[in-house]
Structure formats: C-alpha cells, structure tokens
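Welcome! Take your time and look up each residue as it comes along.

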Amino acid sequence: MSDASDPTTEAALVKATAPLQAAWTYLNAPESSALLERADFFLKRSDDVERVIDSVRGKSVFLLHGVTGVGKSTLTLRLKTNMSPDDFLEMVWDASESLGPQTKETDDGLKIALGDGHTGTTIVPNRIDVNDAIILDMPGLQDNDPRHVFSIGVVHKLLMRDMARCQIACVVPLGVFTDPSQLLQWMDAWREALRRMLGESLAAYRAGMECVTFILNRVDVVMEDGNEDFDEDKSYEHMCDATRKLLHKCIAAAVNNAFNLRLLQQVQKSFVLVDYSRHDAAFVAQKLKEASQKVAEGQLRQASYDSFGHVGSKEQRECQAAMRVLDAARKGVLSAVHERAADAKRRIEQYKKTMQERSDIISAAVAKVSEATTRVSKVDVEIRKATSVIMRETQNQQTHVADVKRRQRSLDFVLNDKEGAGQVYELRCVVVRSHSMPNRKHEAHLTAGGGGGGRGRGQRVCR
C-alpha cells in the first residue's frame, strides 16, 4: 500500500499536486477566466494608477465623477485648452462623429481620451491642475465594459484610501431634469453610488452630500428642445435661475424618498452650468472655483467614509475567493516542498553516513595494504640479498665446474694417447695424490718427477 508520508510514493505525488489541481480547475472555470481577464486589464495599468495616487496622496482633491459618456473627459479638455468656444466645439463634434475613441492633447501636453458615448475610455484618472485646484477626472461609474468595471472599482478604492480630504463634482446633462424617465434612472444610479461613498445611513448621506457639487452640461440640447430660458441671448445668471426653477419641480416630485430628496436639494444648492458654445476655459474654471468655495466647509475627509464601492464589490469577493484558492494551492505546494526537502535532507544524511562508513573501511584497508607493502618491501630487500649471494655461489660453482671439465678433458687426452698408455697407473696416482695435497707446487713437482724417472720412480710414488 502506498504511503502518503513517503514523498517517493504515488500517493505522496497525488497529495502534493491536489492543491494545484484544485486551483487549476477553479481558475479555468468560465467565471474565473473572466475575473482573471479583468484583473489582468487593471494590472497592465496599475503603474500609471499608482503614479497618479502618489501625486495626490495627502492632498485636497476635486474628484470629477459621472456616468459613462456624460462628458467628463470633454470637460477636462475644456479646462486645459485655451481654444475659443467655436473652435473647441468643432473639435468635440469631430470626435463625436468618429467610430471610436480619440485622444486629444491639451496645451500643456496632457493627453485625454474622448469616448464615443457608448464605452467609457477613462481608466487611469487624469490629473488636471487648474490654477490652485487639483482635479482628477475619474473613471465612469457605469462603464459597460466588464474589464473597466473592475478597474474602476479598484481605482476608486485606492484613491479614497490615501486622500486626506476631497470634494466631489458630478457631471450631469441638464436635460436629465427635463425628462421624468431619465430623472428617475439618474437618481437611482447616483443615489446608490453616493450612498456607497458618503455612508449608508441617511444621516451620513445628508452630511456627506455637503461636499458634492454638480456640473450641468449639454445646455445646448435643452435650448434645442425649445426651452427659451436657455437661449444664446440669455445671461448665465438667467440660466441659473431657470435651472433652479426646473429643479424645484423635480424636488416636489421626490418628497417621498429622503435620499432622492437630499440629492436634488444639493443639486439645486450647488451647481455649475457649462455651455461649450459660449463658455471658454477661464469662465468654466472660475465657476468651478466659486462652487468649490461654497462647499469648502463640507469637504469630505477620509474618516467619513463607511465604505467605498461604486462598482467592483462582486469582483472583489471573487478576487478574494480566487486568492483563497491560490493561497491554499501555495500552502499545499509549500507543504509538499517541505516534505520533499525533509526527505531529501534525511537521504543526504543517510548517504553521508554510509559514505563515512565506507570511507572508514577504505581507510582501514589502505592502512593494512600500506603495512603489507612495507613488509613486502623488507622481504624484497632480503630476497635481493639472498639472490646476490646465490648468484655469487653460482658463479663460483660455474668456475669450479669449468675447471673440473678442463681437467677432465686433459685426463681424457692422456687416456686416449697410445704412447702414454703405460703411464696410466702412475698418472692416476699422481692425480689422486695431487687432490689430497693442498700445496699446488708440491703437486707439480711430483708430477714432473714421475714423468722424467720412468716406471721405477713412479711406482715409488704410488707406494
């Protein structure tokens, strides 16, 4: 049976890879794939977002909000471009007639994307420095691109976390307040958005609303609908009075909803009219400054926020779930790695122990071989000495044998000589006598005497 505690078994492999398999299955599910796509979309822009946040951290900021296609980027471009109203309006019309978003550059080099009215194009907040004010053109609150929805929620949360205090500017088409159906939809959307920013309770909502001002644009649309109060010959103050009257009617219809009522009351209290066909950059900037001063006492501090989640709450939960799965996979992998590391360490220690034992055995064997080699060397020296002695003795024996053979040849010569046959007996006696006497001179004398005296003297020698 496989033991999961042994990292080398199949059961251990299954145990180690199970968290990864779970994470792989989770992340390849359709909903997770969509989540990762949205997260990846934001991460590609995260560095730009971080740079903007760093530039405004701890400062008082004017947040420019609005639903997708409402004209926030157009307002930003107006504030940063010193064109005449006619030239600016022509540029905006050209952009609105294009098939997709267009990027325009301001006088100081800031690039601003103008959307096509259907898909919001602002993801990274654009910082606009107008005189002494810092304005951030925020992503649209109701962007209909799923990838943008996630990114917008993250951007808002990051900004609200690091700002010291802020004012909120909401861009709204003036025509919303002339159409009851549009007004209802707008109030529903903004009521929920502002509640998330300002606080869920009515008291927090009412108090936080003091920091909000509303920028009412597209005045020309209301004028084209036949409302004479907004004709080109009317002054700005006259149009403001007409707007308050219009809002008064809306307030009367919203008395049954406390949140909607407070929303409309704030619109009536603090708004700026923007007509691009008549107002240049300096005029718009001045009106925004005046509105900002009106709501200065109501500036919203970070501590006032209960929560902040215009959009992305669902994505946030999904991200947290994905992180939990990935964290479980990470822990599972780390556990498997630690087990494997412990097993490897154990095996290494065992290997070291075995190698040490073998090394000790080899060292002992080497010592014995060395001792034996020393003995062999000594024996070899003795053998060499003995061999030398044997060689000398062998040489002596060879010399003696050679001498004996020489004498033998001499004797054979004498025996084979017919004339000296009679002298064999005497010669044999002389030979025998010569071997028994160590004096070689005496031997030679006897031999010589025997040869010259004949048989008689030779016989005497034998006796």
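Arginine 375 and glutamate 371 sit four residues apart in helix α13 (residues 313-416), so about one helical turn separates them. In this predicted model, the two form a salt bridge, with their closest N and O atoms 2.9 Å apart. Keep that pair in mind as you go through the points below.

- Arginine 375 counts as exposed, because its relative accessibility is 55%, while glutamate 371 is partly exposed at 42%.
- Helix α13 also holds arginine 384 and aspartate 380, again four residues apart, or about one turn of the helix.
- These two form a salt bridge as well, and the closest N and O atoms of arginine 384 and aspartate 380 are 2.8 Å apart.
- Arginine 384 is exposed at 56% relative accessibility, whereas aspartate 380 is partly exposed at 32%.

- Side chains of opposite charge can pair when their charged atoms come close.
- Glutamate 210 and arginine 262 meet through their side chains in a salt bridge of 2.8 Å, N to O.
- This pair links distant parts of the chain, 52 residues apart: glutamate 210 is in the loop between α8 (202-208) and β7, and arginine 262 is in helix α11.
- Glutamate 210 is partly exposed, with a relative accessible area of 28%, but arginine 262 is buried at 9%.
- The structure has 16 salt bridges in total.

**Another residue of helix α11**
- Asparagine 260 belongs to helix α11 (residues 258-269).
- With a relative accessible area of 6%, asparagine 260 is buried.
- Leaving aside residues up to four places away in sequence, asparagine 260 touches Met187, Arg191 and Ala254.

**Strand β7 and its partner**
- In a regular strand the side chains alternate between the two faces of the sheet.
- Strand β7 (residues 212-217) is covered on both faces: Val212, Phe214 and Leu216 are buried on one side, and Thr213, Ile215 and Asn217 on the other.
- Strand β8 (residues 271-273) pairs with β7 in the parallel sense over three bridges.
- Leucine 273 in β8 is the bridge partner of leucine 216.

**The whole protein**
- The protein has 15 helices and nine strands.
- Of its 463 residues, 37% are buried.
- Among contacts between residues at least 6 apart in sequence, 73% join residues at least 24 apart.
- The accessible surface is about 27200 Å², and 54% of that belongs to carbon and sulfur atoms.

Note on methods
Residues are numbered from 1 along each chain as its sequence is written. This is a predicted model: local features need pLDDT of at least 70, side-chain atom pairs count only at pLDDT 80 or more; totals for chains, interfaces and linings use all residues. Side-chain values use heavy atoms; hydrogens and water are left out. Helices (H or I, at least four residues) and strands (E, at least two) are DSSP runs, numbered from the N terminus. Buried means under 20% relative accessible area, exposed over 50%, partly exposed in between (1.4 Å probe, protein chains only). Contact means heavy atoms within 4.5 Å. Accessible areas come from the Shrake-Rupley method with a 1.4 Å probe; for residues, only the protein chains shown count as cover. Two strands pair if DSSP finds at least two bridges between them. A salt bridge is a side-chain nitrogen of Lys or Arg within 4 Å of a carboxyl oxygen of Asp or Glu.
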